[in-house]
Amino acid sequence: MEIRRSILSVPGHIVKMHDKAAHSEADVIMFDLEDSVPVGSKKVARENIVDSIRRLDWSGKLLSLRINAVDTSFAYGDVIYCVEHCGSMLRSLVLPKVNHEGDIHFLARLLNGIESNLSPGHPISIEACIETAQGLERISRIAEASSRLKSLVFGIADFTASIGAPLTTLSAHGEDDTSNHSGHRWHYILNRIVTAAKSHGLYAIDAPYGNFQDEEGLIDSARMSRLLGFDGKWVIHPGQISIVNEAYSPSEHEIELAKQILEAHKEAEINGRGAASKEGHMIDNATVRLAEKVWEFAIQLGNIAS
Ligand code: COA
Ligand code: MG
């Protein structure tokens, strides 16, 4: 299992941010060629990204690249230039505004061609951003479109625009989705994305939180999406990384619960019981499966000894 708790979006044209990203604790660095790069800087952004990927030390991090959407004049050039120059270092390409499974087929075939010429050593994965009404409608077909699919990512601000919902904050990236709505404004969409992702063995990745000075808001947002089953969250500022890493890791409380569950289950098995009882709580195989997941992830993160 890859660790994909925090995914730092780094504007492709701004080299000093690449240096900052290389020294960060983000699990994934996502170089951006799309919305954080002005149209006039798209070409220089490609060149700067390739140069930084080759020049800096990225050990311990996964590298990904968000290209422009397939209906732009930039997408094919983004893929060909960057994958030909540093494909062996790239784990995934992030495709924005995926509206149709054909968008995934286009990118997968382009990658097939480049990889058959250059053999980068591993197949480059695709991460699909679900950020339009059309994309959400076709999400199951998108999720099964290619064996290259690695994750489904919620694109919150574009989704809001796509359905014509109102603008409620300065960034429109999740800062005020509970106060004007009973429950969470994007609850259905978040659940839909998680279900489609997990039923196809993909990661579910949440949208970034736009107010990078609001730590409490970020904690709430990350906690909520993790509770729904998301594996990680995009971050747009280095100050958000440690909060998100913690939010998507098992807490000490969870690890302690897992320990108690696994012990109680072992004891129940010795006594010939499938279900165990602990302090008035029933523990059965489903509880155990959950506890095992927590335990394994905590081991992978190095939070407990194996
Ligand atoms: N990646 C790497 N470094 C970043 C960064 C990022 N996404 N965002 C900020 N930094 C760096 C800055 O360069 C600065 O470095 P320095 O201390 O060496 O000068 C430091 O972190 C503090 O930045 P700060 O001054 O607080 O931020 P800002 O006001 O200049 O920029 C944003 C704020 C939101 C514009 C900026 O964080 C950004 O561009 N984020 C990425 C946006 C993006 O990728 N959007 C598309 C995906 S949704
Ligand atoms: Mg978007």
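Predicted model: local features only at pLDDT ≥ 70, side-chain atom pairs only at ≥ 80, totals over all residues.

Q: What makes the pairing of Lys16 with ligand 1 a polar contact?
A: A polar side-chain atom of Lys16 lies 2.7 Å from an oxygen atom of ligand 1, and since a polar contact is a pair of N or O atoms within 3.5 Å, the pair qualifies.

Q: Why does the side chain of Lys20 count as making a polar contact too?
A: An N or O atom in the side chain of Lys20 is 3.3 Å from an oxygen atom of ligand 1, which is within 3.5 Å, so this pair also meets the cut-off.

Q: What does His237 contribute around ligand 1?
A: A polar side-chain atom of His237 lies 2.7 Å from an oxygen atom of the ligand, and the protein covers 62% of the 900 Å² of accessible area that ligand 1 has on its own.

Q: Why is ligand 1 said to sit in a pocket, and which pocket is it?
A: Ligand 1 is placed in the second largest pocket, and the word "sits" applies because more than half of its atoms lie within 2 Å of the grid points of that pocket.

Q: Which elements give two or more residues to the shell around ligand 1?
A: They are strand S1 (6-11) and helix H1 (15-22), with the largest share, four residues, coming from S1.

Q: How is the chain divided into domains?
A: Domain 1 spans 6-247 and domain 2 spans 252-301, and their C-alpha centres lie 34 Å apart.

How values were computed: Residues numbered from 1 in each chain as written. Chains lettered and ligands numbered in written order. Heavy atoms only, no water. Polar contact = N/O pair within 3.5 Å; in protein donor to acceptor, adjacent residues only side chain to side chain. Areas by Shrake-Rupley, 256 points an atom, 1.4 Å probe, with all protein chains shown as cover. 1 Å grid on protein atoms, 1.4 Å probe; cavity = no way out; pocket = protein on both sides within 12 Å on 5 of 7 lines; lining within 4 Å. Domains from an automatic or database assignment.
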